[in-house]
2 protein chains.
Amino acid sequence: MAKEYKRLNRELVKKGAIIDYYHDTMQVPNGNTAVWDFIDHKGAAACVAVKENGKLVMVRQYRNALERETLEIPAGGINPGEDMRSAALRELEEETGYRAGKSEFLLSIRTTVAFCNERIDIYLAENLIAGKQELDEDEYVDIAEYSLDELLSMIDNGQIQDSKTICALLAYYRKLHS
Amino acid sequence: MAKEYKRLNRELVKKGAIIDYYHDTMQVPNGNTAVWDFIDHKGAAACVAVKENGKLVMVRQYRNALERETLEIPAGGINPGEDMRSAALRELEEETGYRAGKSEFLLSIRTTVAFCNERIDIYLAENLIAGKQELDEDEYVDIAEYSLDELLSMIDNGQIQDSKTICALLAYYRKLHS
């Protein structure tokens, strides 16, 4: 099977707030051309933040794409020039007030490979010291703390569906059980 | 904290091949307005397909968003009027040739909630009967079979990063270990 894909053109359709939308004109292996979607995202970082009592620090916020609030691990976009770990720990502190004394890389995900390059690196953050939330002007985030068992039940009953949060919680579960 | 978000407008920017791009004008709780991205996706379904020898049936395909091939669980978009389970089993058969004698709901994910409504329902497919791949004209998919341990190692070393695949494999791992 010939597997030669060739991008003939990438056209910017529109720049957005956190993504940019492109049309890729692709030559597929049979010689046909097709226009495929491409969403460019600058990347993000996230934390599984675990307190000494074993509770995980989660955030609840409104998501216009789902028209509802979601429960997620703390996360946010990378600033220009910032490394992934620094971004993860900065977002943890801004969104929850917690500073982590210790952090460890857990895994890196690509959220939706069929049309988007978004990458999220996820860290385990421990030795947490409580501080003050520092949200952006238009940002509203509630903090909630749950045990891992409570969060796994929320995956099972569909209350947690966010993919980075599920990848992170199940990777942490596997780390504890292997 | 006031938590009233209100969408003042949703403007179609451009229709795409598998997604449509919108700008949402949002009124945030402090009264400010902001334009947020919204990507509309029709939904998808996927399978963890396990053979009697314990090997999982995976697919490898080119992804223009990453400019490389990825190893993923079999998955694809929902056809109009199709239910999630039927879509998952149809995509399994089209992409790999395998028909499943037994299927069970595993979990439902939202791939990237900050800007997109894409939902993927993931099923465990078992009692597999080999058949013939039925790919679309411009679709090229290689089949590969691995043990769960091999796939978990590929998550650990970054060879597998696709979020639906990681959610699915870790959910299956947890199901086996709980």
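Between chain B and chain A, 35 residue pairs are in polar contact, both residues at pLDDT 80 or more. A polar contact is a pair of N or O atoms within 3.5 Å; within protein, one must be able to donate a hydrogen and the other to accept it, and residues adjacent in sequence count only if both atoms are side-chain atoms. The model is predicted: local features need pLDDT of at least 70, side-chain atom pairs count only at pLDDT 80 or more, and totals for chains, interfaces and linings use all residues. Residues are numbered from 1 along each chain as its sequence is written, chains are lettered from A and ligands numbered from 1 in the order in which they are written, and side-chain values use heavy atoms, with hydrogens and water left out.

Several elements give two or more residues to the side of chain B that touches chain A. Among them are strand 1 (6-15), strand 2 (19-27) and strand 3 (33-41) of chain B. Helix 2 (148-156) and helix 3 (163-177) of chain B are also on the list. Helix 3 of chain B gives the largest share, nine residues. Helices (H or I, at least four residues) and strands (E, at least two) are DSSP runs, numbered from the N terminus.

Four salt bridges are counted between chain B and chain A. A salt bridge is a side-chain nitrogen of Lys or Arg within 4 Å of a carboxyl oxygen of Asp or Glu. One salt bridge joins the side chains of A:Arg7 and B:Glu67, at 2.6 Å from N to O.

The contact (heavy atoms within 4.5 Å) takes 70 residues from chain B and 70 residues from chain A. About 6,200 Å² is buried between the two chains, and carbon and sulfur atoms give 58% of this area. Buried area is the accessible area (1.4 Å probe) that two parts lose on being put together, summed over both. B:Asn64, B:Tyr140 and B:Arg174 supply 13% of the area that chain B buries against chain A, more than any other three residues.

Chain B can be laid on chain A with an RMSD of 0.0 Å by a turn of 180° and a shift of 0.0 Å along the axis. The two copies are thus related as by a two-fold rotation axis. Superposition is by least squares on the C-alpha atoms of residues with pLDDT of at least 70 in both copies. Of the interface residues of chain B, 100% are also interface residues in chain A, so the copies meet through the same surface.

In chain A, three strands form an open antiparallel sheet in the order 1-2-3. Its edge strands are strand 1 (6-15) and strand 3 (33-41), and each pairs on one side only. Two strands pair if DSSP finds at least two bridges between them. Neighbouring strands are turned by 25° against each other on average, direction ignored. Eight bridges join strand 1 to strand 2 (residues 19-27) of chain A. Here A:Arg10 stands opposite A:Asp24. Nine bridges join strand 2 to strand 3 of chain A, and A:His23 has A:Asp37 as its bridge partner in strand 3. These two strands form a hairpin with five residues between them. In the turn, A:Gly31 has a positive phi of about 95°.

Chain B also holds an open sheet of three strands, in the order 1-2-3 with antiparallel pairing. Strand 1 and strand 3 of chain B each have a single partner strand, so one side of each is left without a neighbour in the sheet. Strand 1 and strand 2 of chain B pair over eight bridges. In strand 2, B:Gln27 is the bridge partner of B:Lys6.

Definitions and conventions
Axes are lines fitted to C-alpha atoms, for helices over the stretch in contact, and angles run from 0 to 180 degrees between N-to-C directions.
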